[in-house]
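Dear colleague,

I am passing on the model we spoke about, with the sequence and coordinates placed just below. My notes on the strands follow after that, and I would be glad if you read them with the structure open.

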Amino acid sequence: TFSAPPETPATALAPANSAIAAAVREGLTAPRKSLPAWLFYDAEGSRLFEQITLLPEYYLTRTERAIFQAEADRIIAAAFQSWHQATGDGQPTPDGAGRLRLLELGAGTATKTGILLAAAVRAQGETEYLPIDVSESAIAEACLTLTETLPQVNLQPQVANYVTDDLAIALHDGPTLALYIGSSIGNFGHDEAVAILRNLRAQLRPGDTLLLGTDLVKDTAILEAAYCDADRVTEAFNLNMLRRLNRELGAGFDLSTFRHVARYNREASRIEMHLRSTRTQQVSIPSLNLSIPFQAGESIHTENSYKFTPDSIRHLLREGGFAVTHTYTDPQNYFAVTLATV
Ligand code: AVI
């Protein structure tokens, strides 16, 4: 059992911690325990995720990058083509009207985006880029790198949460190519994923395009290895969530009593990550006046990472208000980059 006396509301914590407190209270007092995946990304979690993207088992990042390297010029040309078909407008004029701008949801540090931006610069010269991210520091880092490497990119960063808030994007007198890459959409369930696409769709006009990066369904062993690597970086990434709760909420998780679990659920088409308690125990979270009971073998569900097929991508996009025009993939068919139009 747990106790949650009303005299210690989550709002008594520092404001930055109140969202965390509410999520932890809700997730750990439910019959099936869970914590939201956004809790992974404190400074240490973001550093560990960067390390994951370099692991030999984690094929996602390097495969998507290779697709961009091979297809960037064609992707930019296809985005122009879609705009041309919908509006009849031709090439950008010398005063800059009709230029393609790039917008990115969850831009992070935008390392792969540079490949697409460079292709846009090759096609039209000066290019506007609107990175949108909840993390101000990630956007600042992205802008710093791009200013040095691609001076023809004109940066219009926006700090916003595209999951919880309506987007508000400035009007533009040419085509917009929106990027939602890195398989980020895979960390949301179907309804939330559709809501994110519709939120974006509401800001776009006929002929604008979306480039969506998604991981594809494949052999279970390959998928599970990507989330359970030999160097145990993903284990550290998963356990860091508990370390964060210890630090930020004063929770008493003993990390040595939780095991990292990553399993592919084929019916649901998703990798599920869990933290499994190796023993029966109570974990106290004094700042929330909670004591959380764990049975031996009971787990906290920390993440879903959905895997797609060409059909499921097309259906998801259609529900979000987009029609697929082009699909780009790698020779092994591990990852898909899909261009869709409004
Ligand atoms: C950020 N996201 C796309 C990653 C994924 O593959 O679902 C997060 C991750 N979790 C464990 N490893 C990587």
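In which sense do E5 and strand E6 pair, and over how many bridges? Bearing in mind that this is a predicted model, the pairing between E5 and E6 (residues 209-215) is parallel and extends over 4 bridges, with Leu211 in E6 as the bridge partner of Leu179. Together with helix H6 (residues 190-201), these two strands make a right-handed β-α-β unit.

E5 also pairs with strand E1 (residues 101-105), again in the parallel sense and over 4 bridges, and here Leu177 of E5 is the bridge partner of Leu102. As for the side chains of E5, Thr176, Ala178 and Tyr180 point one way while Leu177 and Leu179 point the other way, and all of them are buried. Because 5 of the 5 residues of E5 (residues 176-180) are buried, that is, under 20% relative accessible area, the strand is largely enclosed by the rest of the structure.

Elsewhere, 3 strands form an open antiparallel sheet in the order E7-E8-E11. Its edge strands, E7 (258-265) and E11 (299-306), each pair on one side only, and neighbouring strands of this sheet are turned by 20° against each other on average, direction ignored. E7 and E8 (residues 270-277) run antiparallel and are joined by 8 bridges, with Glu272 in E8 as the bridge partner of Arg263. Helix H8 (residues 233-249) lies across E7, E8 and E11, and runs at about 60° to E8.

With best regards

Conventions
Residues numbered from 1 in each chain as written. Predicted model: local features only at pLDDT ≥ 70, side-chain atom pairs only at ≥ 80, totals over all residues. Heavy atoms only, no water. Buried < 20%, exposed > 50% of the residue type's maximum accessible area, 1.4 Å probe, protein only. Pairing = 2+ DSSP bridges. Right-handed = clockwise from strand over helix to strand, strands pointing away. Axes fitted to C-alpha atoms, helices over the stretch in contact; angles between N-to-C directions. Contact = heavy atoms within 4.5 Å.
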